[in-house]
Amino acid sequence: MRILIKGGRVIDPANAVDEILDLLIEDGKIIRINPPTPPLQKGGTGGFDVRGTDAPETRKTKGARAEKNAEPAWSVDRVMDATGLVVCPGLIDMHVHLRQPGREDKETIASGTMAAARGGFTAVCCMPNTDPVNDTRAVTEFILDAAKREGAVQVYPVGAITKGMKGEELAEIGELFEAGCVAISDDGRPVMSAELMRRAMEYAAMFDLPVIQHSEDLHLSGRGVVHEGFVSTDLGLHGIPSASEAVMVARDILLAELTGARLHIAHVSAAESVRLIREAKTRGVRVSCEVTPHHLALTEEAVRGFHADAKMNPPLRSEADRQALLEGLRDGAIDAIATDHAPHTVQEKEQEFDQAPFGVIGLETALAVTLTTLVHPGVLTLSQAIGKLTSEPARILKLPKGRIAEGADADLTIIDPNRDWTVDPSAFASKSRNTPFAGWRLRGGAVATLVGGKVVWEALR
Amino acid sequence: MGLAGKDLLSMRELTVDEIRLILDTAESMKEVARRDIKKVPALRGKTLINLFYEPSTRTRTSFEIAGKWLSADVINISISSSSVAKGESLKDTGLTLQAMHPDIVVIRHPSAGAAEFLAKRLAASIINAGDGAHEHPSQALLDLFTIREKVGRLEGLKVAIIGDIAHSRVARSNIHGMQKMGMEVRVAGPRTMLPRFIERLGVEVFTSLDRAIAEVDVIMMLRLQTERQQAGLFPSLREYSRLFGLTVERLKAAQSNVLIMHPGPINRGVEIAPDVADGPYSLILNQVENGLAVRMALLYLLAGGGQTG
């Protein structure tokens, strides 16, 4: 199967590419990148010769290298006309919850990866808070096997830091690494013991594995369910102060300095945290961080009306915090955009606000929310935004992904940056509906997703 | 005129005219309460359900008596908080009640937003009788009624609300209601019990009782939940009482005719000294009595009373 993606604006932040190029794909790889060719029209095919699969040239010659100078003797099975569209490395979501094993009523590897594909993601990193917890090779292998069988996109598991994510003893991090885990994290349960966190960092550093922390001082958060700010005061809801996050960010930065380990702060939400991370980076501490689309697009005000679909942890914070997140994205203090896709059933969310579980889904809206709230208003260039969703997560997790090059995996996303659409949760591929963006008019989104050269989802024409 | 909404969820959403209407209607209801035979047929054939997820004596009884004096059929449902977690969801309880066609459901619930949650799902009128630390509008209305009855007006009066503002739905409802009626509101309490950004509600904030009560017309003391001590919000009842308890001695800092209020139940000797609670300027029992009239007015208005045409 040979696919030609033709006439698209190829944006590859890793290589500082932003130009109209044709991409030829075969056997799961990008085999040729050609300069722009005349627009596709009947009878004209530009640099590539479009013929049937039975074209003799195809049969005779195999492999990109051999054919490199054999133009125009190319035949392709399918031409994807990307004129007016953006072609970029497949998006990578470094923070999702696929719920399998254990809570298949909320999401499965099949449904979650299909949601990813529809959202333009070609790879996701799944957090270990499954049941059982991904704290052993067996669970990691189960996830990888299931992903191979049923997954629409690439799945990279994140292993637990501690056994059962209990914060007591280290998990078998070496074996998790060997089994294929790309990072370790106790996910929603911050490692509260500074001593244990120190040991986890030292240990993980042997494998150069990033330690991902959900930064939260549980004592400071207490019974909090929303950001501690004017809205929490107004609504009489228990607040989670920004300091709850920032205190842990500060502590872990110091521990990363002590150990030389790689620290990744999940879903940064508070201005104070951005400040601390920015300052640590200037000192050369090996710290990176991600931010979610919902923290970039929404503030604590979204909670008014006691909307449980605006309840997540860390909570939506103030407008000043949101502005600090935008600034952090612009100046590089914040490396990546990740969804923290957290599916919950309707009945769980349809409860009293303080009873409903934390978390929102994001795979099917992340790109569109990013384009609508960051790119179209000019906060980030399209190339910068794509970098936060591709090359940056790939760099942090050392994934062989996130770039466009001859010989690279053909994990590609085709984006229509201007497509207007309305978020309708009932149309989601995800099993869950808990999005704060229901009914939003968004501009832009993925129109095709290719993983390993295969079109796993498309809405082209 | 009547009330614009189907429900009474918060003081925030009421207009000045609606508050006046409720207070004026409560005046005529108070007349009923003083009759020998306290029964009018206004709500005959209507069903009132008191749905209480928190223990309550005065509010539940007050709504029950108010409903009965108006000839409504009143049903009380008490659900202990402990059974909420394992029991039926609020949604299902609401839908079950809905199938019994109540006209009015009065709900008290430990979760902020619970009344609004029910209001969105039920055709019945919902009265919020306290949702977490959010609002308790009927309390604020009876407080306004009591002050207006005593002073003859609300506009221009100054009030100090003292105590655990952070956890108080009474404080929130009164702040909204009093400000709408032209009153100036101060709040005071230990710094640990003053929620952040409370000043953005337009109140003046104090951590000194003496300074807060100087020059005010009304002092409203809030009940101290003693379990806040375990949560680290104050060191001891002794110290709380020393700093924020209202005693005859402390009252010297206030105007001599200052009115004293408390939503009850009171902790005698903690936030309020017995001789203050029982003193000449205490309106605590007036508040209870007026609660009946105000709740009769609410039930009457929400059941369609006062609508013209």
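This is a predicted model: local features need pLDDT of at least 70, side-chain atom pairs count only at pLDDT 80 or more; totals for chains, interfaces and linings use all residues.
Partly exposed residues are those with a relative accessible area between the buried limit, under 20%, and the exposed limit, over 50%.

The structure holds 55 salt bridges over all chains. One of them pairs A:Asp208 with A:Arg286, at 3.1 Å from N to O. A:Asp208 lies in the loop between helix H6 and strand S10, and A:Arg286 in the loop between helix H10 and strand S14, so the bridge ties together parts of chain A that are 78 residues apart in sequence. A:Asp208 is partly exposed, at 25%. A:Arg286 is also partly exposed, at 42%.

A salt bridge also joins A:Arg395 to A:Asp335, with the closest N and O atoms 2.9 Å apart. A:Arg395 belongs to helix H16, whereas A:Asp335 sits in the loop between helix H12 and strand S15; the two are 60 residues apart. A:Arg395 has a relative accessible area of 44% and is therefore partly exposed. A:Asp335, at 6%, is buried.

In chain B, B:Asp278 and B:Arg268 form a salt bridge, with closest N and O atoms 2.9 Å apart. The pair ties together two loops, one on either side of helix H10, at a separation of 10 residues. B:Asp278 is exposed, at 53%. B:Arg268 is partly exposed, at 46%. Shared partners join A:Lys29, A:Lys401, A:Asp409 and A:Asp411 into one salt-bridge network.

Between the chains, 21 residues of chain A contact 26 residues of chain B. The buried area is about 1800 Å², with 51% from carbon and sulfur atoms. Four salt bridges cross this interface. B:Arg121 and A:Glu350 meet in a salt bridge at 3.0 Å.

Key
Residues are numbered from 1 along each chain as its sequence is written. Chains are lettered from A and ligands numbered from 1 in the order in which they are written. Side-chain values use heavy atoms; hydrogens and water are left out. Contact means heavy atoms within 4.5 Å. Buried area is the accessible area (1.4 Å probe) that two parts lose on being put together, summed over both. A salt bridge is a side-chain nitrogen of Lys or Arg within 4 Å of a carboxyl oxygen of Asp or Glu. Helices (H or I, at least four residues) and strands (E, at least two) are DSSP runs, numbered from the N terminus. Buried means under 20% relative accessible area, exposed over 50%, partly exposed in between (1.4 Å probe, protein chains only).
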